[in-house]
Amino acid sequence: MAAPHDALPLEHRLDGAPTTRPLRDAFHLPARDTSVALARARVLERLREWYVDDESNADAQLLMSELFTNAVRHTDSEKVSCELWVIGVRLRLEVADEGGGKSVMRVEDADRGRIGDDERENGRGLLLVSVLADDWGIRKARTGGSEGVTGHAVWAELECHRTHG
């Protein structure tokens, strides 16, 4: 599946079906444990505004908590960048850090259940992500600035249903 920014706009569908414009929200928060609750609250608020059903909203909040917590605990980031997309029946969350600190777990390790001692101690965040999300992954993320710091972006996608609008 193409990343939301690579996908064709839905209003250009050829089959003539009614279209829905993609919905997007992006925000940055300080890389602190206290910001996890703020990120969850932002997801809750935005998905309610977009009339996303309660089950999808709850799953998205849990995914955001796990991804944001990993960015705080496993990097030396000063801020964490978050994006939230609803495109048709797909919901995508992406959390990007500024890098540094401990290395990020590889997708293959989480899929195979290989977890290091640090992950066992702090929970199984990426395993939970792999269960809740239909698809997820990790990519390098350039965070800009004069130094061109490179961090990681972890994304997760799931199906969502809208109750109105």
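User: Is Ser65 buried or exposed in this predicted model?

Analyst: Buried means under 20% relative accessible area. Ser65 has 8% relative accessibility, so Ser65 counts as buried.

User: Where does Ser65 lie, and which residues does Ser65 touch beyond four places away in sequence?

Analyst: Ser65 lies in helix H2. Leaving out residues up to four places away in sequence, Ser65 touches Val36 and Arg40.

User: How are two packed helices described?

Analyst: By the angle between their axes and the distance between the axes. Here, helix H2 (residues 54-73) packs with helix H5 (residues 125-132) at about 150°, and their axes are 10 Å apart. Angles over 145 degrees count as roughly antiparallel, so H2 is roughly antiparallel to H5. The crossing of H2 and H5 is left-handed.

User: Which residues make the contact of H2 with H5?

Analyst: From H2, Asp59, Leu62, Leu63, Glu66, Leu67 and Asn70. From H5, Gly125, Leu126, Leu128, Val129 and Leu132. They divide into 7 nonpolar, 2 polar and 2 charged.

User: In what order do the strands of the sheet come?

Analyst: The order is S1-S2-S3-S5-S4. The 5 strands form an open sheet with antiparallel pairing. Strand S1 (23-30) and strand S4 (135-142) are the edge strands, and each pairs on one side only. From one strand to the next, the twist averages 15°.

User: How many bridges join S4 to S5?

Analyst: 8 bridges join S4 to strand S5 (residues 150-159). Trp136 stands opposite Ala156 in S5.

User: Which strands does H1 touch, and which does H2 lie across?

Analyst: Helix H1 (residues 35-49) packs on the sheet and touches S1, S2 and S3. The direction of H1 makes about 165° with that of S1. H2 lies across S1, S2, S3 and S5, and runs at about 15° to S3.

Technical notes: Residues numbered from 1 in each chain as written. Predicted model: local features only at pLDDT ≥ 70, side-chain atom pairs only at ≥ 80, totals over all residues. Heavy atoms only, no water. Axes fitted to C-alpha atoms, helices over the stretch in contact; angles between N-to-C directions. Helix = DSSP H or I, 4+ residues; strand = E, 2+ residues; numbered from the N terminus. Parallel < 35°, antiparallel > 145°, perpendicular 65-115°, else oblique. Left-handed = near helix turned anticlockwise from the far one by under 90°. Contact = heavy atoms within 4.5 Å. Nonpolar A, V, L, I, M, F, W, Y, C, P; charged D, E, K, R; others polar. Buried < 20%, exposed > 50% of the residue type's maximum accessible area, 1.4 Å probe, protein only. Pairing = 2+ DSSP bridges.
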